[in-house]
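Open your viewer and get ready to click along.

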Number of protein chains: 4
Amino acid sequence: MATAPHPRAPAVAVIGAGQATPAEQHTAQRVGFLLAEAGVTVVTGGLGGVMAAACAGARQAGGLTVGILPGTRHDDANPNVVVSIPTGLGEARNALVVRAAHAVIAVGGEYGTLSEIALALKAAMPVVGLGTWELHRDGTADSGIIPAADAADAVRLALEQVRGT
Amino acid sequence: MATAPHPRAPAVAVIGAGQATPAEQHTAQRVGFLLAEAGVTVVTGGLGGVMAAACAGARQAGGLTVGILPGTRHDDANPNVVVSIPTGLGEARNALVVRAAHAVIAVGGEYGTLSEIALALKAAMPVVGLGTWELHRDGTADSGIIPAADAADAVRLALEQVRGT
Amino acid sequence: MATAPHPRAPAVAVIGAGQATPAEQHTAQRVGFLLAEAGVTVVTGGLGGVMAAACAGARQAGGLTVGILPGTRHDDANPNVVVSIPTGLGEARNALVVRAAHAVIAVGGEYGTLSEIALALKAAMPVVGLGTWELHRDGTADSGIIPAADAADAVRLALEQVRGT
Amino acid sequence: MATAPHPRAPAVAVIGAGQATPAEQHTAQRVGFLLAEAGVTVVTGGLGGVMAAACAGARQAGGLTVGILPGTRHDDANPNVVVSIPTGLGEARNALVVRAAHAVIAVGGEYGTLSEIALALKAAMPVVGLGTWELHRDGTADSGIIPAADAADAVRLALEQVRGT
């Protein structure tokens, strides 16, 4: 067992809705591409929309993609998921998408994405947002989500966080 | 096996932070009391703050309380949890708190509560809010959370939803 | 919040197949009845066969029953489940059935029951067996499962374990 | 999004104890090597013993390894896990190890391994055994586990099952 320790790449989760606008998909694809180019593993929920676009971008850069699926079928994964993890946990798998990463980039997103943002912030994991939810309490904006201007800015901010920790 | 079918009571989850203000605890206790008085089982995450106050209120009315715990120890449950479910799932148990109920009442709350609100809305389960998160997308307020004026109003709104479905 | 701490009852899981023989169902019903009579909460996987029979027996003695379901529907629970917990975790919920209890009584059982026996033994939780799996390693019988002669013996052995710890 | 669909490799889970004998570790390493050589992704529970040996073997053949961890820390993974999935589910993650694969090879093993064997058989997934548990019901041997003579035989049997389905 003389194999040298394998340097695992850091992982960033790209989260967003399974039904996304063309602009959101374009952004997610660019985010996936830039993460893979930086040697980062791209984790998603494995389905369509933002998830599929992020995986497609990462594969274009030759990167590794992980899809943490709600159901029990490998075939539910989008075609650019290299490692499919069919959890069978339903939406409880959202906690695992977050845990599998070192930082999160949210692109748009519906309620499922909001749950992932909240679980990441609860775990003190950095969350970078691109056109995603804005959170308020008692009329005051919550500062948990780090806003990004575009895909490149989001990847830069996420990598800063991953490398800083 | 001639036992008559047992009419299971509907269940409402009372969600909120483990560290809560006296006002939030007072509200949660009142919510728990009124739910139990209406014959509803009170589900919580089983720990302190809003969760403990809601259970205490429900027990004062002689009600049934369920605590769905993140850890593996029954003893983590607050003293007014009648049925403790130590899941060992960590924050992934938030999905189970929601699934165990027919409607959700959020009292205040931090990021963990936000994840439960999001998971409930994702599952199209009614969420009534008392001084909790306000959600915005693209500068527009999201209308998913039904706002309540006080504990009695929250319970009335939740029961309307439970009985309407 | 002056409510006196509620003394939570100990819980015993009764595990076994969803399709069971009349003899297994009769045994499970007797086990459930005797546990409830002893003031113990009966935890099951919430479905039919051994699970339904144990719940029916417990309810005949006026006891509390908890059903930890694989699916997301409260209505999947058998009619004698008082507290239904629809986890949506599929067979991963077997770990939660075990964690919710202080000891386990296995009545007959197929592979799902075997997974619960194994998870209980892994967690060093007492497992009492009635006509259930026999385990061997390297041609030697494993001594993890405590064999019982009948329902009354199984309940006696399980309560000894619960009260001894 | 013109990327060609990525042909995901089939995955085989190698399961066994975190504390294993030198002979078991040697077998597991050989199993991992042969699976990777055949282009199969090796899934394990990500920790030591049989899990570490299988990952080491797979990496020696340049293969892809996935570690589905019970805790929440990436650093719990053995050094030859390429994709670490810290689930935070404790032993409930055993269900996910099984679901992530198309077939299972059990090398030795304690109660945790037994739970994975049982969950795989429950899901009608092929289980090949090398010096692992023998199961009996009513004095009759259960035929669920396919016995293998050695590492090469185990891999051959598992691949037959994966390709046959």
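How many residues does the contact take from chain A and from chain C? Select both chains: there are four residues from chain A and four residues from chain C in the contact, where contact means heavy atoms within 4.5 Å.

Before going on, a word on the ground rules. This is a predicted model, in which local features need pLDDT of at least 70 and side-chain atom pairs count only at pLDDT 80 or more, while totals for chains, interfaces and linings use all residues. Residues are numbered from 1 along each chain as its sequence is written, chains are lettered from A and ligands numbered from 1 in the order in which they are written, and side-chain values use heavy atoms, with hydrogens and water left out.

**Stop one: chain A against chain C**

Keep the two chains on screen. Between them they bury about 190 Å², 57% of it on carbon and sulfur atoms; buried area is the accessible area (1.4 Å probe) that two parts lose on being put together, summed over both. Now select Gly88(A), Leu89(A) and Ala92(A): these supply 95% of the area that chain A buries against chain C, more than any other three residues. Colour by class and the side of chain A that touches chain C shows two nonpolar, two polar and no charged residues. In this scheme Ala, Val, Leu, Ile, Met, Phe, Trp, Tyr, Cys and Pro count as nonpolar, Asp, Glu, Lys and Arg as charged, and the others, Gly among them, as polar.

What about salt bridges across this interface, with a side-chain nitrogen of Lys or Arg within 4 Å of a carboxyl oxygen of Asp or Glu? The rule finds zero between chain A and chain C.

**Stop two: the axes**

A rotation of 180° with 0.0 Å of shift along its axis does it, at an RMSD of 0.0 Å. That is the relation of a two-fold axis. Centre on Leu89(A), whose C-alpha is the nearest to the axis in chain A, at 2.2 Å. The copies meet through the same surface, because 100% of the interface residues of chain A are also interface residues in chain C.

Next, bring up chain D. Chain A can be laid on chain D by a turn of 180° and a shift of 0.0 Å along the axis, with an RMSD of 0.0 Å.

**Stop three: the cysteines**

Finally, select Cys55(A) and Cys55(C). Cys55(A) is buried (under 20% relative accessible area, with exposed over 50% and partly exposed in between; 1.4 Å probe, protein chains only), at 0%. Cys55(C) is buried as well, at 0% relative accessibility.

Note on methods. Copies are superposed by least squares on the C-alpha atoms of residues with pLDDT of at least 70 in both.
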